[in-house]
Amino acid sequence: GGFYGARTNAIAADALGSSKVHTISLPSKYSSDHSIDDAELLAQNLNIDHKVIKINEVVNVMEHTLDPYFNNTESGVAEENIQARVRGNILMALSNKFNWLLLSTGNKTEMALGYCTLYGDMCGGLSVISDVDKLSVYRLANWINKVSPNRIPQNIISKPPSAELAPGQVDPFDYNVVSPLVSALIDDGKSPSELIKEGADPELV
């Protein structure tokens, strides 16, 4: 979840009441200490149930199982996405067991770009912010903190966006450029050729 999980959690707490919201932190070996601490602080601020389930052992078993087939190949997206899919499996298991509705956290910009993991962070019965572009999600988070100061820890908002699936990983997009282009294509119905004529980078559209 990260930042988008934070925004989704705040919406859920406001819509359903804090007692009906459960959050699960699923740190891997690449998760930073501040991300884990931020998630706990957010849960405290929202007064929602929060648990931590470490996924290292499960990921290690998956990687070991695939070793004979991945042998002599370069590590990359396939290995990174194992973590996202392990998280999806755990969250869906909890959803099934306790009759919870799992909320997925992808926003419209990421969904349009395909920057999400099938059967990983796309798992869930309701995509709460999937029709909200990336920049608007940030604006909403800042508005929430104006109305209720520091409800969403500022570090969650200000840190560089990252899936934390690899060392030093950050999102490979300048969302200030890409997010308006996605909105122009989807919301305004503009064609790539129109956007290029208006000055958009042809490689981006």
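Lysine 159 and aspartate 38 meet through their side chains in a salt bridge, with an N to O distance of 3.5 Å. This is a predicted model. The pair links distant parts of the chain, 121 residues apart. Lysine 159 sits in the loop between α7 (154-158) and α8 (175-186). Aspartate 38 belongs to helix α2 (residues 33-46).

Both partners are hidden from solvent: lysine 159 is buried, and so is aspartate 38. Side chains of opposite charge can pair when their charged atoms come close.

## Salt bridges across the structure

How many salt bridges does a search of the whole structure find? The search returns eight. Among them is the contact between lysine 159 and aspartate 38. Two others involve residues of helix α5, as described below.

## Lysine 108 and aspartate 131

The side chains of lysine 108 and aspartate 131 form a salt bridge at 3.9 Å, N to O. Lysine 108 lies in helix α5, while aspartate 131 is in the loop between β4 and α6 (134-147), so the bridge ties together parts that are 23 residues apart in sequence.

Are the two partners buried or exposed? Lysine 108 has a relative accessible area of 8%, so it counts as buried. Aspartate 131 reaches 62% relative accessibility, so it counts as exposed. The pair also belongs to a network: salt bridges link Lys108, Asp131 and Asp187.

## Lysine 134 and glutamate 110

Lysine 134 pairs with glutamate 110 in a salt bridge, and the closest N and O atoms are 2.8 Å apart.

Lysine 134 has a relative accessible area of 0%, so it is buried. Glutamate 110 is at 9% relative accessibility, and therefore also counts as buried. The cut-off for buried is under 20%.

## A nonpolar surface patch

Which residues form the nonpolar patch on the surface? They are Met111, Leu118, Tyr119 and Met122.

How values were computed. Residues are numbered from 1 along each chain as its sequence is written. This is a predicted model: local features need pLDDT of at least 70, side-chain atom pairs count only at pLDDT 80 or more; totals for chains, interfaces and linings use all residues. Side-chain values use heavy atoms; hydrogens and water are left out. Patches are made of residues with over 30% relative accessible area and no salt bridge: like charges are joined within 9 Å, nonpolar side chains (Val, Leu, Ile, Met, Phe, Trp, Tyr) within 5 Å. Accessible areas come from the Shrake-Rupley method with a 1.4 Å probe; for residues, only the protein chains shown count as cover. A salt bridge is a side-chain nitrogen of Lys or Arg within 4 Å of a carboxyl oxygen of Asp or Glu. Helices (H or I, at least four residues) and strands (E, at least two) are DSSP runs, numbered from the N terminus. Buried means under 20% relative accessible area, exposed over 50%, partly exposed in between (1.4 Å probe, protein chains only).
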